[in-house]
Amino acid sequence: MRATSKASEARTPRRLTAVAVAVGWSLAAAHGATAATEQTAPGAELVFEQSGPVDGVRPGDSVNVPFAVKNKGDAPATRVVLYLRGSQGLAYDKKYSNCVYEDAPAQDEGPAQVNAECDIEQTLEPGVVYEPAEPIGLDVLDRALYERLNVNILAGVGTFPEGTQHGGGADPVLRLVARTAPEAPGTVHGGALATDITAENTADFALTGSKVKGRAGRTVDAKVTFANMGPAWARNDVYGPIGVFDVGIPKGTTVTKVPEFCEPSGMTGAAAGAATYRCTTPYNYADEDSERAYVFGLRIDKVVANATGAVAFVKGDHHWGTLPFDRNRTNNTAEIVVNASDGGAGAGGASGGATGGTDGGSGSSGGTSGTGGTGSTGGAGTQLDELAETGSGDTLLVGGAAVALLAAGGAAVAVRRRTA
C-alpha cells in the first residue's frame, strides 16, 4: 500500500519557486559554473567522498543512498544548499520540509528528472566530515533500469528568501551531522557525486517493417518503425544513440528520400542507391512505450517479385553489447518487402507490417501508425516522436560519467523491500 501511494505521489509535479525553476536538465551546467566560481575562492571548500555504484535492486525496492561531504577549506561554510537530481526511474522516499521538489520534464535532448533543492541552515566547519542524519531514500519505480542520483552542494546560497518553511515537503528537516569516525586513508574526493543505480529490469526494443507495391517507375514510401515496448526506459552509458539498426534496400529499387537519423552504411552523405542504411534513435535514451517511424522513398526501377530488404539491430556505441536489457529477440528484426507475390510474407517485428503504396503513384507503407513522419503509442514518454534540437549537451550523463570515473571504495547501501 505504501508503495502504491508513493508511486502516485512521485508522478505529481511540484513547481519550484522562481529561484529554483532553473533546476532541470541544465542544472549541472548552471550550478556547475557557479560552483567553479565559488569553490576557487579562499574560504570554504565542500567536497564529497566518492562511492561506488548500486546494483541488485528491483522495481518496487527502496534504496538508501548515503553520502559524506567534507569542508576542505579554511573557513566555515554557511547557508549550505544541497542539490539532488535523480533520473526518471526514481522517486524520493521522503519529502523534507526544507527541500522543494520538481518533476522536471524532458528538455531538448535530455530525459525527465526528479529534482530537489534543500536549504541546510547549518555551519559546516573546516576539516569536518558531515553526513545526512539519515540516508537519502529512493524508490525504484517500475520503469527503472539504468538510473542515477547526482548530488551537488554549495555554500552561501540563499535558496528560500523567506525561510525553510517554504519547502515542499511534510517530513522533518533534512540535516547534516558530523561524523565521529575518522576518514579512511586514501579517500577520493570530488566536487560532485554521481551514484549509478542499476535495476534488474528489461526494455523490449522492437523493429517493424512494411510491404509496398508499385509499377516500374513509381515511387513508394516504405516505413520502418523503432519502438521501446518497455517496461523500462533505457539510456546509454555514453552520449550516443541507444538504438542502432541497419535497413537493407530491396533489389530493383532506388532510394529517393532518406529519413532523418539514417545514412548510407559505412558512407557519408545521402547517396541514392546505397544497398544498406544505418539508422539510429535521435537521443541517447528511449522512454518506455515510445516509437519513431523512419520513412524511405523508394523508386521502383524494376519490378522484382518479393524483393526484400532486411532490418536488424546492430551494436551501438556503448559498453553493454547489443541490447543486453532486451530479452525478447523475436522482434529485433524485420523486413521491407516490395511487390510481394502473395499476402503471406510479413514485415517482421512484433506486429508484422501493412501493405502500402499503390500501382498508381507515390504510396505509403502503412505500418504501426500513420504514413510518414512519426507515430506514438501513447503512455509514459514519447520523446522519440520529436526531433532533437542540435547544440545541447547531455550535462547530467557526461558530467556524471566523469565523476563516476573517480569512484573508489563504496559507502554501504541498504536496500529494503517494499510490501504491497
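**Close-up views of salt bridges and disulfides**

**View 1. Salt bridge between R278 and D246.** The side chains of R278 and D246 meet in a salt bridge, with N to O at 2.7 Å. A salt bridge here is a side-chain nitrogen of Lys or Arg within 4 Å of a carboxyl oxygen of Asp or Glu. R278 lies in strand β22 and D246 in strand β19 (residues 244-248), so the pair ties together parts that are 32 residues apart in sequence. Strands (E, at least two residues) are DSSP runs, numbered from the N terminus. R278 is partly exposed, at a relative accessible area of 33%, whereas D246 counts as buried at 16%. Buried means under 20% relative accessible area, exposed over 50%, and partly exposed in between (1.4 Å probe, protein chains only). The model is predicted: local features need pLDDT of at least 70, side-chain atom pairs count only at pLDDT 80 or more, and totals for chains, interfaces and linings use all residues. Residues are numbered from 1 along each chain as its sequence is written, and side-chain values use heavy atoms, with hydrogens and water left out.

**View 2. Salt bridge between E49 and R179.** The closest N and O atoms of E49 and R179 are 2.6 Å apart, and the two residues form a salt bridge. E49 is in strand β1 (residues 46-49) and R179 is in the loop between β12 (176-178) and β13 (189-190), so this contact ties together parts that are 130 residues apart in sequence. E49 is buried, with a relative accessible area of 15%; R179 is partly exposed, at 22%. Salt bridges that share partners join E49, R179 and E131 into one network.

**View 3. Salt bridge between E288 and R143.** E288 and R143 meet through their side chains in a salt bridge of 3.0 Å, N to O. The pair links distant parts of the chain, 145 residues apart: E288 is in the loop between β23 (285-286) and β24 (290-300), and R143 is in the loop between β10 (136-140) and β11 (146-154). E288 is buried, with a relative accessible area of 5%. R143 is also buried, at 14%. The structure has 12 salt bridges by the rule used here.

**View 4. Disulfide between C99 and C118.** The sulfur atoms of C99 and C118 are 2.0 Å apart and form a disulfide, defined as a pair of cysteine sulfur atoms within 2.5 Å. The S-S torsion of this pair is about 110°, so the disulfide is right-handed. C99 in strand β7 (residues 99-104) and C118 in strand β8 (residues 113-124) are 19 residues apart, and the pair links distant parts of the chain. Both C99 and C118 are buried.

**View 5. Disulfide between C262 and C279.** C262 and C279 form a disulfide with their sulfur atoms 2.0 Å apart. With a torsion of about 115° about the S-S bond, this disulfide is right-handed. C262 lies in strand β21 (residues 262-264) and C279 in strand β22 (residues 276-280), so the pair ties together parts that are 17 residues apart in sequence. C262 counts as buried at 12% relative accessibility, and C279 is buried with a relative accessible area of 0%. The structure holds two disulfides; with the bonded cysteines of the chain numbered in sequence order, the pairing is 1-2, 3-4.

**View 6. Surroundings of M229.** M229 is found in strand β17 (residues 219-231). M229 is partly exposed, with a relative accessible area of 42%. The C-alpha atoms of M229 and A203 are separated by 6.7 Å, and the two residues are 26 residues apart along the chain.

Technical notes:
Helices (H or I, at least four residues) and strands (E, at least two) are DSSP runs, numbered from the N terminus.
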